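Here is a friendly walk through one protein model. Have the sequence and the 3D view open as you read.

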Amino acid sequence: MATSRKCEKEWIDFFQSIYQMHQNDIDYLMWHYETIKHFQPKQGLELGFGWGFSAVGFLLGSKGNLISVDVDWEKQQYHGDIPINNQEKAETEIKNEFADRFSLYRTGVQKFFQNVKHPKADWLYIDTAHDHISVFRDFTLSIDSLKDDGILCLDDYYRLHAVIDLYDE
């Protein structure tokens with residue numbers, strides 16, 4: 001099982017070189033790393049690869065495998081404030097460092113669950129769109145992929161009543 005040749009600081013330096021990270025971005029990456037390091041999931045499923053921070057946090061913090069699902073960037077209307085070639089640099093670097101433990105599907109969430117067989121996850125991280133309807137859709141599509149004792153993380157969806165709404169629906 002390959003581990004990264006880069007340490008946490010080197011990954012932060014890499015991301016800063018292509019994204020001009022702010023302290024809250026560094027804190028975000030380190031939160032993922034520390035959380036994963038504590039729980040040590042063997043299989044992760046990430047919906048929303050984005051800039052790659054959470055993927056690196058997972059892969060550095062555990063020896064587990066990670067499947068990431070995102071949209072096809074070439075067809076995507078919105079890329080945030082980051083040039084697409086920088087996102088591609090991050091994707092390439094992560095694939096090179098963690099080739100035997102990392103898979104990225106650019107199918108979108110719905111097509112992924114319709115077409116790709118995948119193992120159940122101990123850790124499910126939903127970080128796609130950030131509105132109630134999209135989060136509910138992704139939650140509904142993915143929740144059966146989470147083991148009964150697995151960990152569910154929702155990014156930018158932190159209002160308690162919103163999470164309760166997901167379970168009530």
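## A buried aspartate in a strand

The backbone nitrogen of K42 sits 2.8 Å from a polar atom of the D122 side chain, a polar contact (a pair of N or O atoms within 3.5 Å; within protein, one must be able to donate a hydrogen and the other to accept it, and residues adjacent in sequence count only if both atoms are side-chain atoms). A word on the source: this is a predicted model, where local features need pLDDT of at least 70 and side-chain atom pairs count only at pLDDT 80 or more, while totals for chains, interfaces and linings use all residues. Residues are numbered from 1 along each chain as its sequence is written, and side-chain values use heavy atoms, with hydrogens and water left out.

Where does D122 sit? You'll find D122 in strand β4; helices (H or I, at least four residues) and strands (E, at least two) are DSSP runs, numbered from the N terminus. D122 counts as buried because its relative accessibility is 16%. Here buried means under 20% relative accessible area, exposed over 50%, and partly exposed in between (1.4 Å probe, protein chains only). Leaving aside residues up to four places away in sequence, D122 touches P41, K42, Q43, L146, K147, G150 and I151, where contact means heavy atoms within 4.5 Å.

## The strands around it

β4 is mostly covered, with six of its six residues buried.

| Strand paired with β4 | Sense | Bridges | Residues facing each other |
|---|---|---|---|
| β1 (residues 43–47) | parallel | four | L47 and I126 |
| β5 (residues 146–154) | parallel | five | L152 and L124 |

To get from β4 to β5, the chain passes through helix α6 (residues 132–142), and this β-α-β crossover is right-handed. That label means that, with the strands pointing away from the viewer, the path from the first strand over the helix to the second runs clockwise.

Most residues other than glycine have a negative phi. Q40 is partly exposed, with a relative accessible area of 37%.

## Two nonpolar cores

A nonpolar core is a set of buried Ala, Val, Leu, Ile, Met, Phe, Trp, Tyr and Cys residues joined through side-chain atoms within 4.5 Å. Which residues touch the most other members of the largest one? They are W11, F15, I94 and F102, out of 27 residues. The elements giving two or more residues to this core are α1 (8–19), α2 (23–39), α3 (53–61), α4 (84–97), β3 (102–105) and β4 (121–126). Apart from it lies another core of 15 residues, including L47, V109, F113 and L154.

Helix α4 also holds E91. E91 counts as buried, at 12% relative accessibility, and its side chain makes a polar contact with the side chain of R106 (3.0 Å).

## The whole chain

Stepping back, the protein chain has seven helices and five strands. From the N terminus on, they run α-α-β-α-β-α-β-α-β-α-β-α. Buried residues make up 46% of its 169 residues.

How many disulfides does the whole structure have? A search finds zero, a disulfide being a pair of cysteine sulfur atoms within 2.5 Å. C7 is partly exposed at 35% relative accessible area, whereas C153 is buried at 11%.

Methods: Two strands pair if DSSP finds at least two bridges between them.
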